Amino acid sequence: MSFHRNVLTVPSYFPAKIVFFEVHSGRHGKCAKMAENFKDLRLKLQSPQNNTSSKHNKDKKSDRSRKHSSNGEYKSKSHYQDYDNSWHHAEELSKVHAGIKQRRLFTDDQCEEIEKKINDTVKIADKGTYKQHTVDRAPLRNKYFFGEGYTYGSQLQKKGPGMERLYPKGEVDDIPDWIHELVIKPLYDAKIVPKGFVNSAVINDYMPGGCIVSHIDPPHIFDRPIVSVSFFSDSALCFGCKFSFRPIRVSQPVLCLPIDRGCVTMISGYAADDITHCIRPQDVVKRRAVIILRRVFPDAPRLEPVSEKQISRKRKRNSSVSDSDDDHHRKSRRTVSIQKSKHRSSSYQSSKVRKTEGISHIQPVSKTSDSQDSSEEDVTVTTPKKSIRQVRVSRMARHRKLCW
């Protein structure tokens, strides 16, 4: 069996290589024709007319892919978009890092002492000793305002950024002495903030699974930096998250900052003003408490104090509501007492009927001085002979009456 070998050279714009075709002797004619067709196709591709048309088609396709369908503007390719997004993310991350400072300031012994004071504060709040706006309770998270308190979230009279307001002076308890001595004074000594900077302290007490949604501390109320100290357990502070509810879900953060027990965290600049921060539920595995120390601007907007007339009106409304509630309760009690008396009278009649078991003729029910409805008239009852089941039911009813 013999083979013939045809050799073809590939045009210059293809990679330089030689193509070999193995041709069987019995099928020489058919294979040679295929080789000729291959050669003719390459020559056809080499023609200048075809080259211009293919280039024109390629340009059209690239223009279609780059043009926006709605306004005809050019848009960058997908890999350029990914590159730009990654570059933007890295730039934002560097800005957030530039506005964060952390320092481990408190030892384990100091943390234990402060944590005991936090527990005492919680006990005092449970007793109801603090003022109305000092304590703010939420599921798995409680806030205790000292020095200054402000409205936020659902408490806002008008929704929107910049609508937060301070409570009138005197409606929030003063900063406790132990916070001054154990927390604020070490910050002054370490020159983390200047002396006299702090005039507002908030304790956030988180239970496992507790969270606080993404927010920015109101810049028209609080000065920067915002200082926080963490206690009880380690956790994390996340930047740039978005919350969705029912069920609660949190998007991927731009930065997840680990926070250790006894660590002081300060945020300012981009990290405080231009990106939100939050505490995610998955980051609170154990109980955690944070003491947030801030400076309130002297000209920060406040709510107007409630006048005595408004207080008296509220009291009248509350008293009228309480009176209506009392009337409703009295009526309900009367209906319940009437129902009970009817039940007792029916049970008494049934007990009188039970005494006549086995008697087939008519017998009057005698009055007793101990019975509650002695004023009722005598009732004649016909009592036919009872079966065993009826006797058992009557015994159960008698036992129920004794228990009553």
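What you see is a predicted model, where local features need pLDDT of at least 70 and side-chain atom pairs count only at pLDDT 80 or more, while totals for chains, interfaces and linings use all residues. Residues are numbered from 1 along each chain as its sequence is written, and side-chain values use heavy atoms, with hydrogens and water left out.

The chain has 8 helices and 17 strands (DSSP runs numbered from the N terminus: H or I of at least four residues for helices, E of at least two for strands). Of its 404 residues, 31% count as buried (buried is under 20% relative accessible area, exposed is over 50%, and partly exposed is in between, with a 1.4 Å probe and protein chains only).

Back to that pocket. On a 1 Å grid over the protein atoms alone, a pocket is an open set of points where a 1.4 Å probe fits, with protein on both sides within 12 Å along at least five of seven lines; lining residues have an atom within 4 Å of a point. The largest pocket has a volume of about 880 Å³ (the space filled by probe spheres set on the points, which are joined across faces, edges and corners). Of the 40 residues lining the largest pocket, Y150, I212, V213, H215 and D217 are the closest to its centre. Strands that each supply at least two lining residues include β5 (141-146), β7 (212-215) and β14 (277-279).

Now for the inside. A nonpolar core is a set of buried Ala, Val, Leu, Ile, Met, Phe, Trp, Tyr and Cys residues joined through side-chain atoms within 4.5 Å. In the largest one, with 33 residues, I114, I179, V183, I291 and L293 touch the most other members. Helices α4 (108-127) and α5 (177-189) are among the elements that each supply at least two residues of this core, and α5 gives the most, with 7 residues. Apart from it lies another core, of 29 residues, including F145, Y206, I226 and L255.

Which residues does I100 touch, leaving aside its neighbours within four places in sequence? I100 is in contact (heavy atoms within 4.5 Å) with F239, L255, L257, M266, I267 and A271. I100 lies in strand β3 (residues 100-104) and counts as buried, at 13% relative accessibility. I100 and I226 are 126 residues apart in sequence, yet 9.9 Å apart in space, C-alpha to C-alpha.

Lastly, the backbone. Most residues other than glycine have a negative phi, and most peptide bonds are trans. Here are some spots that go the other way.

| Where | Backbone value |
|---|---|
| R224 to P225 | cis, omega near 10° |
| R246 to P247 | cis, omega near -5° |
| F232 | phi near 75° |
| R246 | phi near 60° |

P225 sits in the loop between β7 and β8, whereas R246 is found in the loop between β10 and β11. R246 is exposed, because its relative accessible area is 84%. F232, at 22%, is partly exposed.
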